[in-house]
Amino acid sequence: MRTSEPTTPTRAFRGLGAFLWTEALVQAHESLAMATSMLVQAVLLVFVWILAPSLIGVALVGAILYSTFTMGQRVLNEAAYLRIDHKANDLYLAGPMAPEAYFLGMAGGTLLVYLAPVIVLGILAAVVLNLTLAQGLLIFALAATVWLFSASVGYVFSTFFRDNRAIWAYSSLFFNVFGVLPPVFYPYKLFPAALHPVALLMPPSAAAGLVQAALGVTYLSPAELALAVGGLIVETTTVFLFAIYWARRTVRGS
Amino acid sequence: MATMRSEFPNVPTTGRALPSFLIVGWRWISRNPAVAITPILLPFIFLYFLSLISPPSLLPLEIVGAMLFTMQNIGSWVLGDSAFWRIECSLQDMFVASPLSRIRYLFGIAFSNLIAMLPALAILTILLAWVGGRQGNPLTPFAFLVLVACLAVMWVLFSSVGIGISSRIRTQREIWPIGNLTFTILGMLSPLYYPLSALPPLWQDAARFLPTTYAALLVQGALGITPASPDQMVLYAVLLVACAAVGLVITLRLYRWGEA
């Protein structure tokens with residue numbers, strides 16, 4: 001019996017648009033998960049609103065950055081769920097879709113759907129902090145960078161799991177340790193000074209530090225600014241390129 | 001047909017449910033270290049955040065809140081386990097067919113999840129004794145008893161809430177969001193991490209319908225964090241038991257067993 005020649009992706013990112021839209025439609029049906037995506041941010045904002053109302057502006061900016069950071073957790077859950085539970089990734093990747101389009105389509109589709117509450121947070125932050133256009137654009141650019149970093153990390157992490165049940169524990173730990181402990185929802189001055197370089201090397205808190213410096217809430221020395229900007233760019237680029245390499249490699253491996 | 005009792009006369013047929021679930025709980029955390037570490041670390045992450053933004057005098061209250069919140073979150077774990085076993089592993093049919101009753105099954109899952117939470121609760125108790133002692137809110141034997149009693153009520157109530165909801169869940173994708181949403185909202189509505197008086201009036205009124213509020217007020221009163229007269233303490237205890245009883249009746253009605 002003749003079989004057709006296996007279709008191999010000839011073009012990078014082939015099928016990205018189609019899979020992004022597919023994933024957006026899938027995610028749009030997950031109303032419960034969408035509501036859950038804002039839980040930690042809501043909890044921390046409530047804490048700040050009740051216990052330290054003067055910090056609400058910083059906390060709102062932190063909530064925006066944290067929201068884009070936790071989109072990586074959505075990518076992790078979705079990629080693991082499709083692979084472990086539905087075994088659908090084999091089906092998708094057996095077609096002409098490029099592996100990096102699978103990863104980026106999933107990340108982009110998730111972003112599209114989960115963006116709405118982030119926009120609401122952005123409007124609230126703009127009202128509370130009286131943001132200028134430049135500050136608004138800075139927050140947008142940094143949030144986009146943090147999203148790219150976390151989506152890449154989420155996708156790579158998802159390939160290591162063999163059991164859906166264990167995912168939440170590891171992902172909660174990762175995203176809370178990197179998103180809540182360092183100064184994302186609170187000003188840098190409340191964080192131990194000796195640990196500032198560590199926080200500036202973590203993408204969510206580096207982005208928060210840069211926004212806080214732009215808002216005049218925190219002072220960052222030129223060296224600290226360079227560390228935050230350099231760290232963010234290098235880490236995001238490295239992790240993103242690695243995720244693309246990993247997506248291609250895991251397909252070949254299977 | 002030979003029954004198990006006739007084939008294995010020396011094997012006990014009762015009193016094995018809880019030890020079995022204890023082993024299940026232990027195996028689960030021993031095979032997945034993050035599962036044991038996460039519930040320990042998460043309350044500490046919140047406590048660390050709160051200690052940065054709130055007055056230091058509130059720290060004992062926040063530690064008590066973390067303990068009650070941890071215990072309440074067992075409900076989310078019970079929900080996750082029972083739904084996973086039913087939907088993914090189809091294990092519940094086997095339990096239904098066995099002599100295990102639905103209440104024993106509930107306590108079994110609640111017990112296995114309590115195992116994973118015990119290290120967090122032990123560390124928080126030591127921290128409470130240390131911080132409370134330094135700030136003039138010592139953990140006296142009376143306060144300790146009140147704390148343990150409130151934690152026990154929370155454990156039974158929210159485990160049954162968890163299993164009641166889980167029996168209505170249809171797909172695995174719903175497990176995590178429903179559990180997270182339910183138990184986090186319930187925890188945030190109650191004055192666990194802040195004094196009741198710090199909340200807006202409408203919120204205070206809503207919080208008075210929740211058992212966790214009375215558990216928090218009782219422990220805060222016993223420790224002297226939020227002053228309460230003996231009469232008020234009795235009232236809080238009565239309201240806690242009454243709210244918990246109402247909650248139990250509702251969730252046990254919600255809880256599907258054989259017919260699911």
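**Exercise 1.** What share of the contacts in chain B with a separation of 6 or more comes from residues 24 or more positions apart? Describe the overall build of chain B as well.

*Solution.* The model is predicted.
Step 1. Residues 24 or more positions apart make up 79% of those contacts in chain B.
Step 2. Chain B contains 11 helices and zero strands. The radius of gyration of chain B is 20 Å, close to the 18 Å given by the globule rule for 260 residues, so chain B is as compact as a globular protein of that length.
Step 3. The C-alpha trace of chain B spans about 70 × 35 × 35 Å along its principal axes. Of its 260 residues, 43% count as buried.

**Exercise 2.** Determine how α10(B) and α11(B) are oriented to each other, and which residues meet.

*Solution.*
Step 1. Helix α10 of chain B covers residues 211-223 and helix α11 of chain B covers residues 230-254. Their axes are 8 Å apart and form an angle of about 155°.
Step 2. Angles over 145 degrees count as roughly antiparallel. α10(B) is therefore roughly antiparallel to α11(B), and their crossing is left-handed.
Step 3. On the α10(B) side the residues in contact include Tyr214(B), Leu217(B) and Leu218(B). On the α11(B) side, Met233(B), Tyr236(B) and Leu240(B) are among them.
Step 4. Sorted by class, this contact has 12 nonpolar, three polar and no charged residues.

**Exercise 3.** Carry out the analysis for α4(B) and α8(B).

*Solution.*
Step 1. Helix α4 (residues 59-87) of chain B packs on α8(B) at an angle of about 165°, with the axes 9 Å apart.
Step 2. By the cut-off of 145 degrees, α4(B) and α8(B) are therefore roughly antiparallel. The crossing of α4(B) and α8(B) is right-handed.
Step 3. From α4(B), the contact includes Phe69(B), Leu79(B) and Phe84(B); from α8(B), it includes Ile175(B), Phe183(B) and Leu186(B).
Step 4. The residues of this contact divide into eight nonpolar, nine polar and no charged.

**Exercise 4.** Which element gives the most to the side of chain B that touches chain A?

*Solution.*
Step 1. The contact takes 28 residues from chain B and 29 residues from chain A.
Step 2. The elements of chain B that give two or more residues to this side are α3 (33-53) and α8 (172-189).
Step 3. α3(B) gives the most, with 12 residues.
Step 4. By class, the chain B side has 21 nonpolar, six polar and one charged residues.

Terms used:
Residues numbered from 1 in each chain as written. Chains lettered and ligands numbered in written order. Predicted model: local features only at pLDDT ≥ 70, side-chain atom pairs only at ≥ 80, totals over all residues. Axes fitted to C-alpha atoms, helices over the stretch in contact; angles between N-to-C directions. Helix = DSSP H or I, 4+ residues; strand = E, 2+ residues; numbered from the N terminus. Parallel < 35°, antiparallel > 145°, perpendicular 65-115°, else oblique. Left-handed = near helix turned anticlockwise from the far one by under 90°. Contact = placed C-beta atoms within 7 Å. Nonpolar A, V, L, I, M, F, W, Y, C, P; charged D, E, K, R; others polar. Rg over C-alpha atoms; globule rule 2.2 N^0.38 Å. Buried ≥ 20, exposed ≤ 12 C-beta atoms within 10 Å, placed from the backbone.
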